[in-house]
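Open the model in your viewer and keep the sequence panel beside it. The stops below can be selected by residue number.

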Amino acid sequence: MIFAIEEINNSTELLPGITLGYQIHDSCAAVPVAVHVALQFTNELNPAINEGDNCSQTGAVMGVIGDSSSSTSIGIARVIGAFNIPQVSHFATCACLSDKQQYPNFFRTVPGDQFQADALVKLVKYFGWTWIGAIRSDTDYGNNGMANFLYIAQKEGICVEYSESFHWSSPPSKIRRVADVIRRSTAFVVVTFASLGAIIKLFEELSNDNSPPRQWIGTEAWITHPHMQKFTFFAGIIGFGIEQAAVPGLKEFLMDLSISEVASSTLLTEFWEDIFKCKLGKIADLNERLCDGSEDLRTVDNPYTDTSQLRVENNVYKAVYAIAHAIHKIVCQDRNSSYYCDKTTRIEPKKVLNQLKKVNFSKNGYDVSFDVNGDPVPVYELVNWQKDESGRIKVVPVGLYDSSLPMGQELQIKRDIIWVDGGTKVPSSVCSDSCPPGTRKMLQKGKPICCFDCVPCPNGEISNNTDSPDCLPCLKDFWPNAEKDTCFPKPVEFLSYDEVLGIILAAISVGGACLTIMTAVVFFRHRASPIVKANNSELSFLLLFFLTLCFLSSLTFIGTPSDWSCMLRHTAFGITFVLCMSCVLGKTIVVLMAFKATLPGSNVMKWFGPSQQRMTVVSFTFIQVLICTIWLVVSPPFPAKNFNVYNNKIILECALGSAIGFWAVLGYIGLLACLCLVFAVLARKLPDSFNEAKLITFSMLIFCAVWITFIPAYVSSPGKFTVAVEIFAILASSFGLMFCIFAPKCFIILFKPEKNTKKHLMNRNQSQGI
């Protein structure tokens with residue numbers, strides 16, 4: 001401060017011709033002492049300045065520099081604030097001092113703790129720490145600073161395992177209790193908001209016992225202080241310090257002390273005697289020597305002579321210049337690029353206070369200005385305690401925090417950090433390890449939000465972020481992968497020609513059709529044979545043709561469902577089977593009518609000749625065609641995606657459209673089959689010449705058994721197997737008709753030609769072989 005004032009007094013640009021005076025008081029870090037000094041500042045006439053001095057003003061105080069402690073600064077501000085005396089602190093950082101309602105006269109050249117709290121939260125979040133401990137000194141600085149930090153940290157999802165406070169003057173038992181809390185904790189990172197005296201006491205206690213290593217996060221109050229560098233056990237500490245600066249000429253000023261200057265100051269006298277182990281003045285002890293003026297500070301290595309780490313000192317320097325610039329605006333005017341200052345101008349503290357709010361200047365490359373709360377632009381230096389080759393602690397700048405930069409870019413790491421374990425890998429401090437994608441966090445009962453278990457996402461849901469609080473369901477057409485971190489389109493399943501089941505069914509269908517055609521060829525080549533003629537050859541050929549269509553209709557059920565295939569498969573199946581049932585029914589009726597025609601006086605066959613048989617087939621088929629037409633017009637089958645059968649795949653199927661239409665088609669086929677069965681049973685004991693009724697009975701029994709078992713199997717089969725069941729029913733019933741009605745006849749035609757005679761057919765005893 002003295003250096004800055006003398007530099008201003010010798011300046012030709014700032015307050016030219018005007019000399020600033022000063023007084024220095026020690027608050028002794030005690031609020032009562034600070035308040036007592038503040039009361040002296042409020043006196044209108046300062047006894048330190050008398051009328052004999054070359055001063056144009058009375059000894060009224062125009063401004064106060066200090067204090068370095070928040071608590072003492074609050075006491076001073078409350079006293080001198082009522083008199084509008086501006087106060088500029090270089091080290092009081094309590095966020096409470098930014099309240100202009102309570103402290104309208106307070107300014108500072110060090111960033112307030114609200115900025116440091118925000119910077120600490122960003123630092124903790126930057127390294128991914130969510131489980132921390134909190135230590136604060138029981139002062140305005142510690143309590144307010146930690147309160148701001150915890151408030152912001154909670155919003156950012158950072159949890160605090162413990163929060164302990166103590167005062168530097170607390171009894172050893174309390175400091176020991178705080179140390180024990182740190183030793184027993186699981187949080188690896190400890191954030192502090194403590195004064196220098198308090199943290200020294202705590203570190204001394206932790207050094208006395210084998211304490212587990214902890215990653216300490218420090219604040220500007222102590223992290224760069226030279227006295228802390230003796231704690232080599234705590235190497236690896238990081239934290240924010242006041243930005244390092246250079247003040248040209250200060251080192252020379254500090255070194256250039258004469259004996260007379262030292263002797264005139266009680267403070268310098270004590271300092272001088274302690275450094276050089278000599279006495280200024282009288283010697284009270286024979287073992288003491290008298291200072292002779294040969295002492296040279298350049299030969300001494302101590303904190304006073306070390307100007308390589310100017311941090312707080314630069315804030316004092318800027319504070320003095322801020323008040324000087326405020327006074328300059330009041331008494332000086334710019335005339336032709338030079339300043340003229342009127343020494344007779346009445347200077348009042350209130351005027352200085354108002355001008356101080358507007359100051360904006362640069363000195364030695366550092367900008368000085370105040371916002372509406374009296375705070376400067378917050379800039380911090382991120383520092384790291386690193387051991388040098390000799391094992392001593394060095395405070396190494398590793399980054400910068402500048403709140404004026406865009407959001408997210410305020411914190412900049414410029415070089416490797418050496419952590420507490422001596423490595424460069426960032427340590428971990430979490431209550432629970434992060435939940436990987438595919439899981440979600442489930443909070444542990446009674447614990448903070450940072451303590452959780454990782455629960456796998458349920459079926460159909462994913463989480464693609466680390467530490468996801470919830471799992472999100474996939475869209476309807478999608479399904480999670482095995483890791484449950486990505487949704488993939490569900491596979492679409494239908495009975496296709498590319499799979500084994502589809503190939504087998506298609507092969508059986510085509511084989512059945514070929515077998516039917518071969519049977520028709522056999523019957524056609526032996527159409528003149530008695531056995532073909534005796535069994536209504538016209539209906540037999542129609543039945544074989546329709547059976548071929550039945551076999552081929554099953555192919556429409558295989559392949560990708562489309563609008564046309566869905567309508568075709570059900571209608572083709574329904575109509576072709578009705579054609580078959582009509583032919584079988586016609587053959588059965590012919591058997592019954594033929595028997596009655598053999599009775600004396602019967603003329604019934606004239607009513608059931610070939611034309612009537614054809615009309616019967618057409619009539620029965622027309623009813624089915626009408627049912628299918630109504631079904632297709634009102635609510636036809638259509639391709640649809642079924643999401644209900646499987647969760648992880650889509651069944652592409654043909655929806656019935658109208659279930660009534662489907663069951664009407666199926667019911668009509670069943671009705672005809674029942675009629676055939678009834679008529680065949682009635683004709684089964686007729687003379688052996690008409691034993692085809694037995695074959696029709698067997699075929700109808702098989703047909704009805706297949707379709708009766710089809711209904712529960714169709715309803716209960718999932719997905720593409722529903723279609724397979726329907727195809728199986730079509731093929732089974734078709735083969736039943738084929739083998740029961742035509743196989744015995746083909747066997748006689750091909751392998752027993754001796755039985756294929758009219759005589760044999762008319763012989764009742766031998767006809768049992770048919």
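This is a predicted model: local features need pLDDT of at least 70, side-chain atom pairs count only at pLDDT 80 or more; totals for chains, interfaces and linings use all residues.

**Stop 1: the start of the chain**

Select Ala-29, which sits in the loop between helix H1 (2-9) and H2. Ala-29 is not a glycine, yet its phi is positive, at about 55°. Most residues other than glycine have a negative phi. With a relative accessible area of 60%, Ala-29 is exposed.

Next, show helix H2 (residues 31-41) together with helix H3 (residues 70-80). Their axes are 8 Å apart and the helices pack at an angle of about 30°. Angles under 35 degrees count as roughly parallel, and H2 and H3 are therefore roughly parallel to each other. Their crossing is right-handed. To see the contact, display Val-31, Ala-34, Val-35, Ala-38, Leu-39 and Phe-41 on H2, and Ser-71, Thr-72, Gly-75, Ile-76, Val-79 and Ile-80 on H3. Sorted by class, this H2 and H3 contact has nine nonpolar residues, three polar and no charged ones.

The peptide bond joining Gly-66 and Asp-67 is cis, with omega about 5°. Asp-67 belongs to the loop between strand E1 (64-65) and H3.

**Stop 2: a buried arginine**

Go to Arg-311, in the loop between helix H10 (266-276) and helix H11 (312-331). Is Arg-311 buried or exposed? Its relative accessibility is 3%, so Arg-311 counts as buried. Show what surrounds it: leaving out residues up to four places away in sequence, Arg-311 touches Thr-224, Ile-242, Glu-243, Gln-244, Glu-381, Val-383 and Val-395.

**Stop 3: H11 against H12**

Now select H11 and helix H12 (residues 349-356). Their axes come within 8 Å and cross at roughly 110°. That makes H11 roughly perpendicular to H12. On the H11 side the contact is made by Ala-322, Ile-323, Ala-326, Ile-327, Lys-329 and Ile-330, and on the H12 side by Lys-351, Val-352, Gln-355 and Leu-356. By class, the contact of H11 with H12 has seven nonpolar residues, one polar and two charged.

Move on to Asn-364, in the loop between strand E11 (360-363) and strand E12 (366-369). Asn-364 is another non-glycine residue with a positive phi, about 55°. Asn-364 is partly exposed, with a relative accessible area of 33%.

**Stop 4: a cysteine in a strand**

Select Cys-454, which lies in strand E17 (residues 452-456). A relative accessible area of 34% makes Cys-454 partly exposed. Setting aside neighbours within four places in sequence, Cys-454 is in contact with Asp-433, Ser-434, Cys-435, Pro-436, Thr-439 and Arg-440.

**Stop 5: H15 against H20**

Show helix H15 (residues 537-553) and helix H20 (residues 720-751). The axes of H15 and H20 come within 9 Å and cross at roughly 155°. H15 and H20 are therefore roughly antiparallel to each other, and their crossing is left-handed. Display Ser-540, Leu-543, Leu-544, Leu-547, Cys-550, Phe-551 and Ser-553 of H15, then Ile-730, Leu-731, Ser-734, Phe-735, Leu-737, Met-738, Ile-741 and Phe-742 of H20, to see the residues that make this contact. By class, twelve of the H15 and H20 contact residues are nonpolar, three are polar and none is charged.

**Stop 6: the nonpolar cores**

Which residues touch the most other members of the largest nonpolar core? In this core of 66 residues, they are Met-581, Met-700, Phe-703, Trp-707 and Leu-737. The elements giving two or more residues to the core are helix H13 (500-525), helix H14 (530-534), H15, helix H16 (563-597), helix H17 (610-634), helix H18 (659-682), helix H19 (692-716) and H20. H20 gives the most, with 16 residues.

Centre on Trp-707. Apart from neighbours within four places in sequence, Trp-707 is in contact with Phe-573, Phe-577, Leu-666, Ala-729, Ile-730 and Ser-733. Another core, of 60 residues, lies apart from the largest one; Leu-123, Val-181, Val-191 and Val-396 are among its members.

**Stop 7: an exposed phenylalanine**

Finish on Phe-622, in helix H17. Phe-622 counts as exposed, at 52% relative accessibility. Phe-622 and Ile-575 are 47 residues apart in sequence and 8.9 Å apart in space, C-alpha to C-alpha.

Note on methods:
Residues are numbered from 1 along each chain as its sequence is written. Side-chain values use heavy atoms; hydrogens and water are left out. Axes are lines fitted to C-alpha atoms, for helices over the stretch in contact, and angles run from 0 to 180 degrees between N-to-C directions. Helices (H or I, at least four residues) and strands (E, at least two) are DSSP runs, numbered from the N terminus. Angles under 35 degrees count as roughly parallel, over 145 as roughly antiparallel, 65 to 115 as roughly perpendicular and the rest as oblique. A crossing is left-handed if the near helix is turned anticlockwise from the far one by less than a right angle, and right-handed if clockwise. Contact means heavy atoms within 4.5 Å. Ala, Val, Leu, Ile, Met, Phe, Trp, Tyr, Cys and Pro count as nonpolar, Asp, Glu, Lys and Arg as charged, and the others, Gly among them, as polar. Buried means under 20% relative accessible area, exposed over 50%, partly exposed in between (1.4 Å probe, protein chains only). A nonpolar core is a set of buried Ala, Val, Leu, Ile, Met, Phe, Trp, Tyr and Cys residues joined through side-chain atoms within 4.5 Å.
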